[in-house]
Amino acid sequence: MKRVDDFRLTLGSRKLVPIVTGGMGVDISTAELALVSARLGGIGHISDAMVPTVSDRRFKTRFMSEKQKKYKYNVFNTDKSVVQFDLEQVAEATKLHVGKTMEAKRGDGLIFVNCMEKLTMGSPRDTLRVRLAAAMDAGIDGITLSAGLHLGSLALVADHPRFRDVKFGIIVSSLRALLLFLRKTARLERMPDYIIVEGPLAGGHLGFGMDWAQYDLKTIVGEIHRHMKQEGLDIPVIPAGGIFTGSDAVEYLEAGAAAVQVATRFTGTVECGLPDKVKQEYFKAAEQDIEVNLISPTGYPMRMLKRSPAIGSGIRPNCEAYGYLLDAHGKCAYIEAFNRALELHPDEKTLSVPDKTCLCTAMRNFDCWTCGHNVYRLKDTTHRLPDGSYQLLAAEHVFKDYLYSTDHRIALPPVQVASIG
Ligand SMILES: Cc1cc2nc3c(=O)[nH]c(=O)nc-3n(C[C@H](O)[C@H](O)[C@H](O)COP(=O)(O)O)c2cc1C
């Protein structure tokens, strides 16, 4: 019976363990988590979502407070079009986050950064160009383009000296989206180095409509494999979404996948950036505690725990400090939803905004508990402690369980012994 460890991912001249830990913004897939995957020979993602804010927390920079101070006068204005990111600061924050992670890298694996197009940051092209170029400057091994079609993204850095050296991949949820992307990259004579195919059971934003349940990862991966064969394309295909055991992964690898991308099982690890209290919410979750809703201002459906404090929250839009989802005209669907609620209840002290959420603030504060569909199985991967809480896992333990398990078995961690005295 095969195990994941019987396979290897070939990426250029490298042979890697075929496990990729997915990017989880905002700093849920921390450098510490990604570094474990790289140390064990796989690929670990960090995320560049809200990177100035992440840099403030990790490196004690003051990007967010400086921006807030600069635009303080605009806080009560419903028009946010004046709010702009300082591109030099975005570059500095990215270089810090990526650079420090690369410095700490050990082992034969790679570190990639997840870069979402929907993070339009008031000036979509300029901010994306700076984020990509700064990550490349700071030595990143690879960049995964996500949350968007990215039809113009590679062209933004085509003249960067590392354009043909950094690995580029894209996350797609359909053959159609892949074809659009491939048509664009062909013009640059730069095919992607890998393709992540994310199905409807994934965490974060979904590349489907609210009819997501009618789709299935295996079918989409099969379509993409057939197309690539027909066209004589040899690009590693990496399925993601709902791959919960090593045996799930082996099924894909035997069917021709080059590797698998996984995330939800790592939300219960010590290295994951979620606060411990939130990790317990993930462990506790039952299947009926999960929903896919449309409260993200990006317009994409998102899966999350129904208890997420982000749901229904009516806080004042925090764009002067954050503003990561502002489009080129300074608009965000949450600002509109908030203004509608304010018009209806002008005297209300605490507003409720049911249709959208202030995603920047919610993600920054770990109040949007996004998760994969299988989060309700997380409790089966660890021990329940005498106080009713769940024992956190080491990322190495979860990684190795994917690598060596057979028969859909999940290895429980060594029991944590309480210190005596
Ligand atoms: C908490 C959480 C946050 C996520 N955030 C992002 C993100 O910022 N960008 C992204 O492209 N994918 C994101 N994802 C998707 C994962 O990278 C991954 O592809 C997917 O969840 C894999 O499915 P699994 O969780 O069932 O293993 C997130 C997933 C989770 C669980």
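1. Start with the pairing of β7 and β8. In this predicted model, strand β8 covers residues 194–198 and runs parallel to β7. Four bridges hold the pairing between them. To get from β7 to β8, the chain passes through helix α7, residues 175–187. This β-α-β crossover is right-handed.

2. Now look to β6, residues 142–146. This strand also runs parallel to β7, and four bridges join the two. Here Leu145 has Ile170 of β7 as its bridge partner.

3. Is β7 enclosed or open? Strand β7 spans residues 167–172, and five of its six residues are buried, so the rest of the structure largely encloses it.

4. Step back to the whole chain. It has 13 helices and 14 strands. Its C-alpha trace spans about 65 × 60 × 45 Å along the principal axes. A compact globule of 421 residues would have a radius of gyration near 22 Å; this chain has 21 Å, so the two agree.

5. Two last figures describe the packing. Of the 421 residues, 49% count as buried. Take the contacts between residues at least 6 apart in sequence: 74% of them join residues at least 24 apart.

Key:
Residues are numbered from 1 along each chain as its sequence is written. This is a predicted model: local features need pLDDT of at least 70, side-chain atom pairs count only at pLDDT 80 or more; totals for chains, interfaces and linings use all residues. The radius of gyration is taken over C-alpha atoms; the globule rule is 2.2 Å times the number of residues to the power 0.38. A residue is buried if 20 or more other C-beta atoms lie within 10 Å of its own, exposed if 12 or fewer, and partly exposed in between; C-beta atoms are placed from the backbone. Two residues are in contact if their C-beta atoms, placed from the backbone, lie within 7 Å. Two strands pair if DSSP finds at least two bridges between them. A crossover is right-handed if, with the strands pointing away from the viewer, the path from the first strand over the helix to the second runs clockwise.
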